Amino acid sequence: MPRGLTRRAAVLAVLLLAAAVVLAPHLRMLAEQQATISALQTRVTEQEADVERLQGELARWEDPAFVQAQARERLFMVMPGETGYVVLDPPQAEEPAPQAAAAAEQAVEALGEDRPWFGTLWESVQLAGEQAPEPVPAPDGGASSAPTRSVPAPQP
């Protein structure tokens with residue numbers, strides 16, 4: 001008898017391989033469903049905690065003293081015979097913070113520009129329209145027809 005793979009062992013290996021191929025998708029679906037069930041159980045637990053919190057809040061609203069306190073606080077209601085007052089704060093003029101204004105001025109000075117951003121943008125557009133593309137030397141020594149980009153240096 002040869003020591004190699006016998007016919008029975010080969011048939012057994014093929015059957016095991018076929019079983020693995022048939023069961024693999026089902027095992028994968030089982031794992032996905034278990035993960036979904038776990039996530040849903042967590043969600044149900046969170047929602048049960050929310051229900052308990054809301055039931056406690058509903059129980060507070062059944063107390064007449066709580067309803068009266070909420071009506072006074074939220075709706076500014078008063079009992080008969082009481083006089084209600086609403087105090088309004090005087091309007092305050094909003095001034096820009098001196099620190100923010102100083103920081104903005106320093107940023108403009110650091111850039112060396114005394115004009116708004118759209119002025120710089122418009123100048124850039126005009127310069128781009130006036131300049132003709134310059135030929136770029138190709139790596140092999142010839143000239144390429146690809147346009148180049150030249151950006152002028154900022155002027156103080």
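In which helix is the place of valine 125? Valine 125 sits in helix H4, which covers residues 117–130.

**Figure 1. The whole protein chain, a predicted model.** Residues are numbered from 1 along each chain as its sequence is written. In this predicted model, local features need pLDDT of at least 70, side-chain atom pairs count only at pLDDT 80 or more, and totals for chains, interfaces and linings use all residues, while side-chain values use heavy atoms, with hydrogens and water left out. The protein chain has 4 helices and 2 strands, in the order α-α-α-α-β-β along the sequence. Helices (H or I, at least four residues) and strands (E, at least two) are DSSP runs, numbered from the N terminus. Of its 156 residues, 2% count as buried.

**Figure 2. A nonpolar surface patch that includes valine 125.** Trp117, Phe118, Leu121, Trp122 and Val125 make up the patch and together have about 620 Å² of accessible area. Such areas come from the Shrake-Rupley method with a 1.4 Å probe; for residues, only the protein chains shown count as cover. Valine 125 counts as partly exposed because its relative accessibility is 44%. Buried means under 20% relative accessible area, exposed over 50%, and partly exposed in between (1.4 Å probe, protein chains only).

**Figure 3. Phenylalanine 76 in a loop.** Phenylalanine 76 lies between helix H2 (64–75) and helix H3 (98–111). Its phi is near 55 degrees, a positive value in a residue other than glycine. Most residues other than glycine have a negative phi. Phenylalanine 76 has 61% relative accessibility, so it counts as exposed.

Notes:
Patch = residues over 30% accessible without salt bridge, like charges linked within 9 Å, V, L, I, M, F, W, Y side chains within 5 Å. Salt bridge = Lys/Arg side-chain N within 4 Å of Asp/Glu carboxyl O.
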